[in-house]
Amino acid sequence: MSERRRVVIAGGGTSGWLTAAALGQQLGSVLDITLIESDEIGTIGVGESTIPTARAFHRLIGIDEQRFMAETGASFKLGIAFEDWGRVGDRYFHAFGETGRGTWMGAFHQFWLQAREQGFGGDLGAYCLELQTAEAGRFGAGGQGPELSYAYHLDAGLYARHLRGVAEGAGVRRVEGLIERVERDGDIQALVLRSGERIEGDLFIDCTGFRALLIGQAMGAAFVDWSEWLPTDSAVVTQTRAVGPAVPYTRAIAHGEGWRWQIPLQHRVGNGLVYDRAHLSDDEARARLLSAVEGEVLIEPRTIRFKAGRRTQAWRGNCISIGLAGGFVEPLESTAIHLVMIAVTRLLQMFPFDGDCTALAKRFNDQAAADLERIRDFIVLHYVLTERDDTAFWRRARTMAIPDTLRERIALFRDNAMAYQEGEELFRVDSWVQVMIGQGVVPRHHHRMGAIMGEARLRQVLDDMRAQVARQVATLPVHQAFLERYCPYPR
Ligand SMILES: Cc1cc2nc3c(=O)[nH]c(=O)nc-3n(C[C@H](O)[C@H](O)[C@H](O)COP(=O)(O)OP(=O)(O)OC[C@H]3O[C@@H](n4cnc5c(N)ncnc54)[C@H](O)[C@@H]3O)c2cc1C
C-alpha cells in the first residue's frame with residue numbers, strides 16, 4: 001500500500017460516529033478519515049436500548065465503561081419485559097444470560113419441560129440469574145458479585161457526542177454541512193456540499209440514515225421491502241421525567257395496534273409508541289402515548305416513519321452502507337446498534353486497502369443480509385405467536401404468512417421442543433425458548449433425558465439451580481444505588 005486511503009463518512013448519527021471512532025482507533029495511522037454531518041438535518045434521535053455485544057465493541061475501541069455511562073446518563077439493561085403480547089395481561093421476560101444449565105445432549109428447557117409434565121420445577125425464569133436480578137431491581141458489575149450478561153440504556157444524542165470525542169481524539173476530521181450532490185464516475189469520486197466544498201475520497205461510508213443518500217440514491221442499490229412480515233411502520237417518541245428508580249430492563253408493552261417502549265436512563269425515561277398507520281392515525285398514536293407515559297413530558301412528541309427491509313447490496317463499488325442506510329428491521333429487541341457494531345467490526349476485518357474488492361464485497365453483503373434476515377425472523381416471531389384477537393392489527397399478525405425459515409423453527413419447537421442457534425446467528429437457544437414459551441407455545445414432546453434421570457434427582461438438581469440463583473441475586477446491590485456510585489450522571 002503506497003499512500004494513505006481517504007475515507008469519507010457521510011452522516012454523524014450513532015452509525016457515523018461509531019464507524020469513525022472504530023476506524024480512527026484501529027486504522028487511523030494509515031487512513032485519512034473525514035465525517036460530514038448536517039446540523040440542519042440532525043439525527044434520528046432514538047436508539048437508546050442496546051444488547052450485550054455493545055460491551056465487547058466498546059472494549060475494542062477503548063471506551064471506558066464508567067466514563068461513557070456517566071456522560072450518556074446510561075443505566076444497565078438485563079433484558080426486556082414483554083407485556084400484553086401473548087394475551088392482554090400476560091407478561092414474560094426475554095433476559096440476557098443463560099437459563100439453567102443444559103448438557104451436551106440437550107438444552108436446559110428440556111429438563112424443565114420434563115419437570116413441568118410431572119408438576120414441579122416452577123417458572124422457567126426462576127433459573128435465569130439476569131432475569132431474577134432484573135425483577136429484583138438489582139445490579140452489580142466490576143467484580144461485585146456474580147458475573148452478569150448485560151447491556152446499556154443510553155441517551156442517543158449524548159452517545160453520539162461521546163463517540164465524536166473518541167473519533168476526533170483519534171484524528172477524525174469533522175465537516176459540518178449539507179451534502180447536495182454525489183459525484184460519480186462508476187465509483188463515487190466526491191461529495192459536494194451546499195457551501196460548494198468538494199470532499200474527495202477513495203472509500204465512502206453511507207451513514208445517512210433512512211435517506212441512504214449514497215448507497216440508495218447515488219449507487220442505486222435496491223431496497224428489499226419486508227413490510228408484509230413486519231406490520232408496523234411508524235413511531236411517536238418523547239421523553240419524560242423519571243418517577244422512580246431506573247429499572248435494569250426495557251419494557252415493551254403491546255397495545256391494540258403495535259407496542260410501546262419505556263427505556264429508563266439516569267436523568268429521564270425514553271418512550272415511544274410503535275404502530276401501523278393503516279390501523280392507527282398519527283394523532284391517535286400521539287394521544288395514546290401521552291396517556292400511557294408516566295411523569296412530566298419533557299419534549300414535544302415527534303413522529304418517525306420507518307420501513308423494514310434491507311439493501312440488496314450493503315457494499316457496492318466504493319460505497320459501504322452502515323446503519324439505517326443499509327437496512328432496518330424494527331425497534332423491538334433493540335438490535336440496530338448491534339448491527340452497526342458488527343458491520344463496523346467486519347469492515348475493520350475486511351478493509352479494502354488495495355486490489356480488486358469484488359469478492360470481499362460479496363462476502364460482506366452475504367453476511368449483512370444473513371444478519372438482518374435472522375433478526376427479522378426473531379422479531380416476526382413475537383407478532384405471529386400472539387393469541388390476541390381483540391383488534392384487526394393482531395388478527396392480521398397472528399394469521400399472516402411468515403418466512404419459511406421461521407415457520408420451520410416454530411414447528412420444530414412446537415412438535416419436539418427443539419430450538420437452535422446456527423453459525424453466527426445472534427439470538428441464542430435461550431432467547432428463542434424464552435419468547436416461544438413466554439408467548440404460550442407448549443411443545444407437544446420433549447427430550448426424555450430428564451425422565452431418565454429419575455424424578456428425585458431431577459427435582460434436586462432443579463431446586464439447587466433455583467436456590468443458587470436466588471442466593472446470588474440477594475448479594476447484589478439495588479440498581480439505582482449502584483448507578484449512583486459507579487457512574488453518576490452529573491445533574
Ligand atoms: C422508532 C425507532 C426506535 C429505535 N430504537 C432502537 C433501539 O432501542 N436500539 C437500537 O439499537 N436501535 C434502535 N433504533 C435504530 C437506531 O435509531 C439507529 O440504528 C441508530 O440511531 C443509527 O442511525 P443512523 O446513524 O444510521 O442514522 P441517523 O441517526 O438518521 O443519522 C443520519 C446522519 O446523516 C446525516 N445526513 C443525512 N443526510 C445528509 C445530507 N444530505 N448531508 C449531510 N448529512 C446528512 C444526518 O445529519 C445524520 O447525522 C431505532 C430506530 C427507530 C426508527
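Contact here means heavy atoms within 4.5 Å. The model shown in these views is predicted.

**View 1. Domain layout of the protein chain.**

**View 2. The interface of domain 1 and domain 3.** In contact across this boundary are 18 residues of domain 1 and 20 residues of domain 3. The two domains bury about 1300 Å² between them, and carbon and sulfur atoms account for 59% of that area.

**View 3. Polar and charged pairs between domain 1 and domain 3.** Two salt bridges are found across the interface. The side chains of Glu 48 and Arg 268 form a salt bridge, with an N to O distance of 2.9 Å. Polar contacts across the interface of domain 1 and domain 3 number 11 residue pairs, both residues at pLDDT 80 or more. On the side of domain 1 that touches domain 3, nine residues are nonpolar, six polar and three charged.

View 4. The ligand has 31 residues around it, of which Gly 12, Ser 15, Ser 49, Ile 179 and Ile 337 come nearest. A backbone N or O atom of Ile 179 is 2.8 Å from a ligand nitrogen atom. For Gly 13, a backbone N or O atom lies 3.4 Å from an oxygen atom of the ligand. A polar backbone atom of Cys 207 is likewise 3.4 Å from a ligand oxygen atom. The ligand taken alone exposes 1000 Å², and the protein buries 97% of that area.

Methods: Residues numbered from 1 in each chain as written. Predicted model: local features only at pLDDT ≥ 70, side-chain atom pairs only at ≥ 80, totals over all residues. Heavy atoms only, no water. Buried area = accessible area lost by both parts, 1.4 Å probe. Salt bridge = Lys/Arg side-chain N within 4 Å of Asp/Glu carboxyl O. Polar contact = N/O pair within 3.5 Å; in protein donor to acceptor, adjacent residues only side chain to side chain. Nonpolar A, V, L, I, M, F, W, Y, C, P; charged D, E, K, R; others polar. Near = heavy atom within 4 Å. Areas by Shrake-Rupley, 256 points an atom, 1.4 Å probe, with all protein chains shown as cover.
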